Amino acid sequence: MTGAARPLDNFPLFRTRNAEEMCAALARVYAKPTVFLEARAKTVDVAVNHYQAKDVAIAYTKYGTAITAVYPENNFVLQSFPVRGRGEITVNRTKSPLGPRHGMIISPGRRFAIKLNANYEHFVLVINAPSLAAKLAALTGVAIKYPVSCNTTADGKTPAADALRNHFFFLVDQLSTSVAAVPRFVMAEFEQTLMVMFLLANRHNYSHLLERPSPDSAPWQVRRVEEYVETNWQQAITFENLAEISGVSAFSLLRSFRKSRGYSPMEFVSRVRLGHARELLQRPNAATTVAEIAASCGFVDVDDFAVSYVDAFGEPPSQTIKRGRDATPARGKT
């Protein structure tokens, strides 16, 4: 899955055999659990890596010993992606199995208990509940009065669930293997994508808003969004911003962009950034690399960047930068 010793090893939260130390560390990032060990066990054996972005956290946990943990109510949305071992979650006295392809979803305001076998491993996506509600409001154009409340068991067999899982593990891999930090504006858009995919992949009390048809936006609203993107391409492009400047929901913009332009607003963002990347590749200095330019323009995966670049301009970025370097002496003589 990744080239690191453990996924997210660059972001260790704790490694411990002390239950009190484990609970104190979890209280700083999630909520403080009450822990119960098996009758003969005297210590825990838990390792947690934890990456915190602005509105989203991503974690990897490995339990070396069997454990039961009871968590209090909190103000987050949590989805787990088990990869090894078996367990069980209890919410409102209802028990559900945990294991590969059988994850859990915890909604704000819910107490829950997990009982995990030894050598259980999972990844966790944690989303700030108010931020998720704001993203949903921007998507639908509807004020969200109550927290998003999901079914406890994640359905991992739908295309939307596969898309969420793939994007989640793509980000895990980037964070685990990348030497350079992901640019802040790029991470903000990663967070946005995860939140939108989460809302589309899981059933919740607002799913009906995501399934109803959206009205078209006016041509001037599409143009206003294009102008905003062209001016602010080096910043995070959020659906909240697009909804505010256009006066319509992000879904309405998506419908009108696809209808009038043949692509989505975020695909337009990518096109604009590719154009700026090409300009930079055409004017390199001796130390310029394709990877640096790709990252500065919002593309953290240089291979994906190269594929998109070839699709847009018919040549690889390495060819553009080489031609730019070859032209540099000639420009200096004129």
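Student: Is Phe123 buried or exposed?

Tutor: In this predicted model, local features need pLDDT of at least 70 and side-chain atom pairs count only at pLDDT 80 or more, while totals for chains, interfaces and linings use all residues. Residues are numbered from 1 along each chain as its sequence is written, and side-chain values use heavy atoms, with hydrogens and water left out. Buried means under 20% relative accessible area, exposed over 50% and partly exposed in between, with a 1.4 Å probe and protein chains only. Phe123 has a relative accessibility of 1%, so the residue counts as buried.

Student: How is the aromatic pair of Tyr60 and Phe123 classed?

Tutor: Rings of Phe, Tyr and Trp (its six-membered ring) pair if their centres lie within 6.5 Å, and planes under 30 degrees apart count as stacked, over 60 as edge-to-face and the rest as tilted. For Tyr60 and Phe123 the centres are 5.1 Å apart and the planes make 50°, which puts the pair in the class tilted.

Student: How many residues apart in sequence are the parts that this pair ties together?

Tutor: Strands (E, at least two residues) are DSSP runs, numbered from the N terminus. Because Tyr60 lies in strand E4 (residues 56-63) and Phe123 in strand E11 (residues 120-128), the parts tied together are separated in sequence by 63 residues.

Student: Which aromatic pair is stacked, with 10° between the planes?

Tutor: One partner lies in strand E5 (residues 67-71) and the other in strand E10 (residues 112-116), 41 residues apart. With 4.9 Å centre to centre, the stacked pair is Tyr71 and Phe112.

Conventions. Helices (H or I, at least four residues) and strands (E, at least two) are DSSP runs, numbered from the N terminus.
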